[in-house]
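Hello,

Please find the structure below. My notes come after it.

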Amino acid sequence: MASLRKRRRSPFWFACFTRPDGSRAQRTTKTRDRKLAMRLAIQWEDAARRRITEAQARRVLSDIHEQIHGDRLATPNASDYTAQWLVRKQGETAAVTMAAYRTATADFLAFLADKASHPIHYTTPAQISTWRDAVAKKSTPRTANNKLKILRSLFQTAWRDGLLTENPAAKVPVLKTAESNRRPFTVDELKTLLRVASSEWRGMVLAGLYTGQRLKDIASLTWANVDMERNEIRLSTSKTGRHQVLPIASPLRSYLAELPASDKPTAPLFPDAYEAVTTNIHAGILSRQFGELLASAGLAKVAENHYGVGKGRAAPRERNPLSFHSLRHTATSMLKAAGVSEAVARDIIGHDSAEISRHYTHVDEPSKRKAIAKLPDITALTSEKRQSA
């Protein structure tokens, strides 16, 4: 039989009711009104017997509230709450992360269609699961999992706001993904890549290798980031906001010294890449261009273009073991192979983990300069090329 009780340190009534298996359950009614709480307890017990859904249960609560107070419980719809959540996240996350949040939530709301105008507590795990599978078919299981994690964050916030009794996205498991086949470049592969690269891409490859930074951060470099007198590059990473002061390796310095001088500190080092990344927010178009560069060097298969078709892929795309991010792994491997300590290597490359970053904030400048100087010069011609010259 349904009943009520009070708990210490809580001003609300707790509903006690019997589950179908005979066990007793307790749930906060989130109200100080005893009459409303008792009605809710009775309705919950009835709902448990009939096994109605959570959305139906919340509608029952709204009906009770209307009977007693004359108005229904105000609950934002999925579309409005998502917009509110994005505004709240704006000041908490980096621009690249916000772009991912907007993409994932817009994709989900488009999937919901007219159901996006329904109260957010109407969203079910089944809907989220179906959407996850649809994303995986259009892209990859890894992409689907990343977007699912964003939805989990969205609905977790809604739960904290008291709009949900539980997180529906948390009930949806991530998809199984194939083991990563990513690997670093070899020195010979890098030299081959440089031979077929345009002048700008040659510089970006050198910058990616000798700084260990991500594609978006390399493409965003301006002359304001470069101090040729001190022989260092200063930047803040777009993903983590970590401030980096990096010595300029000799091969990269030689490349920079050959670039046309500019009187404007805001002038980009790599104009075409800078325009692409600033107009598209993310580095997707540059990643595809780098894939084409790899293919022209014989280091990758030519990727089949599916963008803009609107039909997705018939099968998941085979992941290329080499990408621009591989330069980051290559730098790490080369530093360690040269005997550089893990602490110094981590500090040069930068780290996603704030805890690890804080741990390695006291690496001195001379140590980093010595480490960078140990990296091999990939601009030197191979012995075969040198003999032919």
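Predicted model: local features only at pLDDT ≥ 70, side-chain atom pairs only at ≥ 80, totals over all residues.

Residues are numbered from 1 along each chain as its sequence is written, and side-chain values use heavy atoms, with hydrogens and water left out.

The protein chain has 17 helices and six strands (DSSP runs, H or I of at least four residues for helices and E of at least two for strands, numbered from the N terminus). Of its 389 residues, 42% count as buried (under 20% relative accessible area, 1.4 Å probe, protein chains only).

The largest nonpolar core has 56 residues; such a core is a set of buried Ala, Val, Leu, Ile, Met, Phe, Trp, Tyr and Cys residues joined through side-chain atoms within 4.5 Å. Helix H8 (residues 199–211) gives the most to this core, with seven residues. Met-204 is among the residues with the most contacts inside the core. Leaving aside residues up to four places away in sequence, Met-204 touches Leu-215, Ile-218, Ala-219, Phe-270, Ala-273 and Phe-324 (contact means heavy atoms within 4.5 Å). A second, separate core of 27 residues includes Leu-86 and Met-98.

In helix H13, the buried residues include Leu-327, Ala-331 and Met-334. What covers the buried residues of H13 includes H8 and helix H16 (365–373). Just after H13, Gly-339 takes a positive phi of about 90°.

Regards

Methods. Buried < 20%, exposed > 50% of the residue type's maximum accessible area, 1.4 Å probe, protein only.
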